[in-house]
Amino acid sequence: MSALAKNYNRRKIAFKKGRGSFLYSKNGKKYLDFVQGIAVNSLGHSNPNLIKAINNQAKKVWHVSNAFIIPEGERLAKRLTQKTFADYVLFQNSGTEATEAAIKAARRYFYSIGKPNKNRILCVKNAFHGRTIAAIFASGSKKMTEGFGPKVPGFDHIEFRKFKPRFPNIRNKIKKNTAAIMVETIMGEGGIKPIPDTCLKYLRKICNEKKILLILDEVQCGIGRTGDFFAFEGSKVKPDIVPIAKGIGGGFPLGAVLMTKKVAKSMIPGSHGSTFGGNPLAMSIGNAVLDQIFKKTFLKNVKKISKYFYQELIQIKIDYPKIIEEVRGVGLLIGLKLFIDQKKFIQKLEDNKLLTIKAAENVVRILPPLNVKKSEIDLAIKIIKKVCKEYK
Ligand SMILES: Cc1ncc(COP(=O)(O)O)c(C=O)c1O
């Protein structure tokens with residue numbers, strides 16, 4: 001009997017090794033892994049460059065403390081700021097810590113300019129920002145907050161309507177004490193729902209008008225997953241604060257919050273901290289991930305290969321209109337919204353050695369590594385077609 005807490009519904013499968021897009025189970029089966037730790041292993045399993053980076057750093061120094069200068073972290077922060085809207089980076093260990101730090105930074109900014117009561121965060125109902133106590137109340141989801149009261153105050157909610165992509169009545173929801181709007185640029189757990197560029201622009205406009213901050217949660221959709229380094233880049237919108245995690249660590253726990261100078265100024269010594277956040281081991285892996293993602297053709301390839309993948313998936317939708325309702329997503333953050341039961345479909349894919357994972361709204365999430373090969377996409381397509389055919 002397992003001594004692990006029962007907070008997960010684990011699939012009955014364990015792995016002994018992973019290589020690139022593939023996982024090898026303990027009982028000798030080979031799976032095409034299009035879960036990749038839920039958009040975490042951006043460069044696939046056992047990436048040789050990451051292995052080299054972790055081994056090199058492990059021989060030098062793993063952990064010191066943020067009481068000291070950490071050159072690997074200085075380098076990673078500089079590279080992130082040079083490539084993005086941000087002026088400063090605060091390292092954490094996970095996505096939920098990054099979103100919490102984002103909330104703290106927004107509140108602290110208003111505190112630092114003499115408006116401590118301006119502290120409410122306007123979020124999208126049923127979004128996903130993580131599982132810590134504030135992050136669950138930021139999402140406002142009944143399922144995630146049930147039994148974890150008392151309710152953490154300070155969050156208001158708006159609905160995001162996908163089929164009329166807009167935020168109805170958002171102006172009424174912004175109060176005198178609203179500090180920031182926080183949204184996922186693409187709602188991941190919520191069913192792979194991208195917020196259209198026009199909506200992002202609208203959010204920026206309102207934030208400017210009301211002199212409040214815009215937080216774009218890029219924990220799942222950032223770090224090249226969409227074919228841009230950040231999912232919001234296409235919209236040309238500049239956020240004030242961006243939490244990241246998942247892909248930046250390539251499988252190693254690493255999160256961060258990126259901020260403009262205006263916001264970061266308030267995060268003075270002692271205002272926030274983390275024992276592990278930004279340690280040399282994590283930082284050297286983050287740098288090794290960027291070495292690959294910042295290569296000239298890397299993101300172009302993500303765009304190119306994902307375009308091919310979509311074309312093929314849309315053809316399957318056309319061929320099986322009673323099974324697939326919609327192909328959703330951007331880049332390699334892909335969702336198949338089904339008419340039929342999502343769970344059974346995922347099981348059938350697994351039986352055929354393709355691993356995928358569910359999202360809300362009966363969506364099957366497909367998350368290949370960003371360096372996936374065309375032959376691997378072809379294999380996935382073949383398996384999805386086979387499973388669809390067996391339903392007929
Ligand atoms: C958009 C978003 N924010 C935050 C989180 C929380 O990240 P973590 O599980 O690393 O705490 C997730 C995780 O799925 C996420 O998708």
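Student: Which helix and which strand each supply at least two residues of the lining of the second largest pocket?

Tutor: Helix H3 (71-83) and strand E4 (88-92) do. Helices (H or I, at least four residues) and strands (E, at least two) are DSSP runs, numbered from the N terminus. E4 gives the most, with 5 residues. Bear in mind that this is a predicted model: local features need pLDDT of at least 70, side-chain atom pairs count only at pLDDT 80 or more, and totals for chains, interfaces and linings use all residues. Residues are numbered from 1 along each chain as its sequence is written, and side-chain values use heavy atoms, with hydrogens and water left out.

Student: What volume does the second largest pocket have?

Tutor: About 800 Å³. Of its 28 lining residues, Asn66, Glu74, Val89, Leu90 and Phe91 are the closest to its centre. A pocket here is an open set of points on a 1 Å grid over the protein atoms alone, with protein on both sides within 12 Å along at least five of seven lines; a cavity is a set where a 1.4 Å probe fits but cannot get out, and lining residues have an atom within 4 Å of a point. Points are joined across faces, edges and corners, and a volume is the space filled by probe spheres set on them.

Student: How does that lining divide by class?

Tutor: It has 15 nonpolar, 11 polar and 2 charged residues. Ala, Val, Leu, Ile, Met, Phe, Trp, Tyr, Cys and Pro count as nonpolar, Asp, Glu, Lys and Arg as charged, and the others, Gly among them, as polar.

Student: OK, cavities. How many of 30 Å³ or more?

Tutor: The count comes to 1. The largest cavity has a volume of about 50 Å³, and its lining includes Ala39, Ser42, Arg225 and Leu370.

Student: Which domains does that lining draw on?

Tutor: At least three residues come from each of domain 1 (15-46 + 298-391) and domain 2 (49-293); the bounds come from an automatic or database domain assignment.

Student: Now the ligand. Which residues surround it?

Tutor: Among them are Ser94, Thr96, His129, Glu184 and Asp217, each with a heavy atom within 4 Å of the ligand. The shell divides into 2 nonpolar, 6 polar and 4 charged residues.

Student: Which side chains have a polar atom by a ligand oxygen?

Tutor: Gln220 has one 2.8 Å from a ligand oxygen, and Lys246 has one 3.2 Å from a ligand oxygen. A polar contact is a pair of N or O atoms within 3.5 Å.

Student: Where is the cis peptide bond?

Tutor: It joins Gly149 and Pro150, with omega about 5°. Pro150 lies in the loop between helix H6 (142-145) and strand E6 (155-158).

Student: And which residue has a positive phi although it is not a glycine?

Tutor: Ile38, at about 60°. Ile38 is found in helix H1 (residues 36-39).

Terms used:
Polar contact = N/O pair within 3.5 Å; in protein donor to acceptor, adjacent residues only side chain to side chain.
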